[in-house]
Amino acid sequence: MNRYRGTVAASIATYVVLCLLAVVFLIPFYVLLRNAFMTTPEVTATDWHWLPSALNWNNFTALFDNPERPFGRSLVNSLLIAVITAPVSTLLASMAGYALARIHVPGRAVVLSLIVGTLMIPQAVTFLPTFVVVGSMGGVNTMWGLIAPGLFNAFAVVLFRSFYASFPAEIEEAGRLDGLSYLGVYGRIILPNSVTMIASLGALSFIEAWNSFLWPLMIGQDPSSWTVQIALSSFLTSQTVNLPELFAGTAVAILPLVVMFLVAQRHIVQGIAMSGLKS
Amino acid sequence: MTVTGTRPLDKTRPAPVTATRRRRLTERQSKAFAFVVLTAPMLIGLGVFRYVAIGWSFLLSFSEARRTISLGNWVGFDNYRQLLSDERFRDSLTMIVLFTALIVPVTFAASLGLAVLVNRVKRGRAFFRTAFLLPAAVSYVAAAMIWKMALFSGVPSGLANTLGALFGVDPTPWIQTTSPPLYWIVLVTLRLWLQVGLYMILFIAGLQAIPPHLYEAAALDGAGPWRTFRSVTFPMLRSTSVAILLLMLIAALQAFDEFYAIFSTGASLGSEPVRTPLMHLYGVALQDQDYGVGSAGAFLLTLLIVLVTLLQGRILGFSRAGDKD
């Protein structure tokens with residue numbers, strides 16, 4: 001009896017702690033939204049207001065009309081980069097992963113170690129070497145310079161390889177008997193059967209492309225090739241800051257991924273669990 | 001109709017020898033062809049953007065390469081020497097080691113604690129998981145904007161100062177105060193908020209892989225919650241913990257985004273009060289355009305990361321493998 005009461009008390013305590021923590025974790029989102037709809041005097045007021053007096057949508061129009069900062073253009077750039085990077089990088093990794101898992105040719109081990117070898121180098125350390133190469137190829141301030149280095153994800157190759165290694169061999173054989181070539185088996189049978197895996201890793205790749213900062217900061221120096229993260233950081237370095245506009249910009253920049261997290265959370269959680277535990 | 005009908009018959013019929021040989025040859029060729037087509041894009045991409053890049057950069061680190069990326073003006077270890085004698089670079093190394101020593105244990109404990117709590121509740125688990133994971137959707141730059149301009153802004157309207165006012169504390173410039181270094185609170189809470197959900201997901205996956213009968217046995221032995229955690233949960237999470245620690249260490253040592261967004265003034269790189277090694281190298285490469293020294297720094301940072309991860313492996317990962325040396 002006593003023990004039972006103890007577990008009930010413990011589970012109530014767990015709920016209380018979790019609810020308090022959840023509130024704390026959501027506070028930054030709330031403050032951001034609150035400020036994004038306030039006027040400048042409201043944001044800087046010394047006494048705290050829980051809500052803006054009115055929804056100031058003109059913060060958002062000001063954001064897109066500011067000639068110093070091409071915010072709309074930077075959103076389009078970010079969208080383009082993420083929309084290209086996510087499917088292409090995932091497809092390239094899936095292709096290589098499948099070949100390494102299933103197509104037995106001489107030299108396969110060499111190819112595998114060449115790909116895995118690149119994982120030994122910490123990611124951020126390659127930024128300068130890559131800048132040297134992309135710069136020498138004229139990639140500064142270009143769309144391809146922003147996108148190309150992010151298309152080759154050796155880690156995703158490893159994940160796909162172990163995914164395909166546990167694939168049932170029967171369906172491949174059935175495809176071969178139907179007269180499909182090796183490429184045909186991959187394109188017609190394997191690829192349609194890896195949709196969930198592709199969705200999980202593609203979602204992670206989209207997030208990474210949208211949020212990446214250091215590489216676009218180096219390559220996209222001209223405002224016309226800014227991504228949304230660079231446009232955001234330009235608020236912090238400009239002389240005069242319109243605070244509500246800054247918060248409106250931040251809200252716009254995080255909105256697509258927040259929606260994505262709410263809609264595709266299952267895939268994202270799966271992708272995180274997969275990539276985290278493999279390393 | 002007739003074609004599909006005769007197909008199975010074709011396979012049972014013995015084919016002429018020459019046809020079999022030709023078919024086997026094209027079979028092997030088509031296999032090799034498929035392998036090349038599927039792996040070539042990845043190999044070429046990694047070749048150009050990793051192997052050529054890193055090889056070139058390695059050579060540059062031994063060259064005098066100001067405003068140029070051509071090789072030839074060899075200077076031995078001068079670039080490395082110059083960088084290591086630069087007080088600002090050494091400060092940045094100290095800074096990042098301190099930051100890592102702070103953020104990694106805090107994030108580790110917080111994400112493990114959250115995972116245990118979230119995993120314990122039956123109803124509302126999805127809600128809590130979403131609430132803690134949602135910050136991971138936010139970029140470091142966006143989070144830095146919220147932290148710098150709203151939560152920890154030095155003016156009285158900032159949230160931290162508003163809360164402080166309730167307790168009669170004067171408005172504090174959180175980011176500018178260097179003694180005591182209050183900016184650590186800003187940096188640590190920001191990264192903790194952003195990352196803890198990711199690691200919580202990994203810990204939950206690890207927790208769910210623990211066989212339930214171990215908990216039943218512990219309950220039969222009369223173990224309380226803390227004892228169960230220490231004797232069952234934590235030991236069973238060992239490999240998960242080692243992997244997560246490694247991820248956290250590597251991420252912390254490469255910190256750049258939020259430091260840059262919070263401390264950069266835009267005027268000139270290198271004048272920031274607080275900077276990480278990567279920020280220093282960014283300044284060297286982009287502002288001074290000294291690719292030789294910048295490359296040397298990239299390899300020094302790699303060395304630091306490798307040393308730290310080896311040390312971690314030595315202490316935690318391989319201690320089970322025996323005491324061979």
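Q: How many residues does the contact take from chain B and from chain A?
A: The contact takes 78 residues from chain B and 76 from chain A. The model is a predicted one.

Q: Which helix of chain B gives the largest share of the side that touches chain A?
A: Helix α2 of chain B, residues 17-60, which supplies 22 residues.

Q: And how do the residues on that side of chain B divide by class?
A: On the side of chain B that touches chain A, 58 residues are nonpolar, 16 are polar and 4 are charged.

Q: OK, chain B on its own. How many helices and strands are there?
A: Chain B has 14 helices and 0 strands. Reading along the sequence gives α-α-α-α-α-α-α-α-α-α-α-α-α-α.

Q: What percentage of chain B is buried?
A: Of the 325 residues in chain B, 38% are buried.

Q: What about contacts between residues at least 24 apart?
A: Taking the contacts in chain B between residues at least 6 apart in sequence, 62% join residues at least 24 apart.

Q: Which domains does the assignment give for chain B?
A: Domain 1 covers 17-60 and domain 2 covers 79-320. Their C-alpha centres lie 40 Å apart.

Q: Let's look at one helix pair in chain B. At what angle do α6 and α8 cross?
A: Helix α6 of chain B (residues 140-151) and helix α8 of chain B (residues 183-208) cross at roughly 130°, and their axes come within 10 Å.

Q: Switching to chain A. Where do its domains run?
A: Domain 1 of chain A is 2-60 and domain 2 is 61-278. The C-alpha centres of these two domains of chain A are 33 Å apart.

Q: Now Ala82(A). Is it buried or exposed?
A: Ala82(A) has 24 other C-beta atoms within 10 Å. The cut-off for buried is 20 or more, so Ala82(A) is buried. Ala82(A) lies in helix α4 of chain A, residues 71-102.

Q: What is Ala82(A) in contact with, leaving aside its neighbours within four places in sequence?
A: Phe206(A), Ala209(A) and Trp210(A).

Q: Which residues make the contact of α4(A) with α11(A), and how do the axes cross?
A: The axes of α4(A) and helix α11 of chain A (residues 195-211) come within 8 Å and cross at roughly 140°. α4(A) and α11(A) are therefore oblique to each other, and their crossing is right-handed. The residues of α4(A) in the contact include Ser78(A), Ile81(A) and Ala82(A), and those of α11(A) include Phe206(A), Ala209(A) and Trp210(A). The contact of α4(A) with α11(A) has 9 nonpolar, 7 polar and no charged residues.

Q: Last topic: backbone angles. What is the phi of Asn141(A)?
A: Asn141(A) has a positive phi of about 65°, although it is not a glycine. Most residues other than glycine have a negative phi. Asn141(A) is in the loop between α6 (127-136) and α7 (143-147) of chain A, and is partly exposed, with 15 other C-beta atoms within 10 Å.

Q: And Gln289(B), what is its phi and where is it?
A: Gln289(B) has a positive phi of about 50° and is not a glycine. Its place is the loop between α13 (277-286) and α14 (291-317) of chain B. Gln289(B) is partly exposed, with 13 other C-beta atoms within 10 Å.

Terms used. Residues are numbered from 1 along each chain as its sequence is written. Chains are lettered from A and ligands numbered from 1 in the order in which they are written. This is a predicted model: local features need pLDDT of at least 70, side-chain atom pairs count only at pLDDT 80 or more; totals for chains, interfaces and linings use all residues. Axes are lines fitted to C-alpha atoms, for helices over the stretch in contact, and angles run from 0 to 180 degrees between N-to-C directions. Helices (H or I, at least four residues) and strands (E, at least two) are DSSP runs, numbered from the N terminus. Domain bounds come from an automatic or database domain assignment. A residue is buried if 20 or more other C-beta atoms lie within 10 Å of its own, exposed if 12 or fewer, and partly exposed in between; C-beta atoms are placed from the backbone. Two residues are in contact if their C-beta atoms, placed from the backbone, lie within 7 Å. Ala, Val, Leu, Ile, Met, Phe, Trp, Tyr, Cys and Pro count as nonpolar, Asp, Glu, Lys and Arg as charged, and the others, Gly among them, as polar. Angles under 35 degrees count as roughly parallel, over 145 as roughly antiparallel, 65 to 115 as roughly perpendicular and the rest as oblique. A crossing is left-handed if the near helix is turned anticlockwise from the far one by less than a right angle, and right-handed if clockwise.
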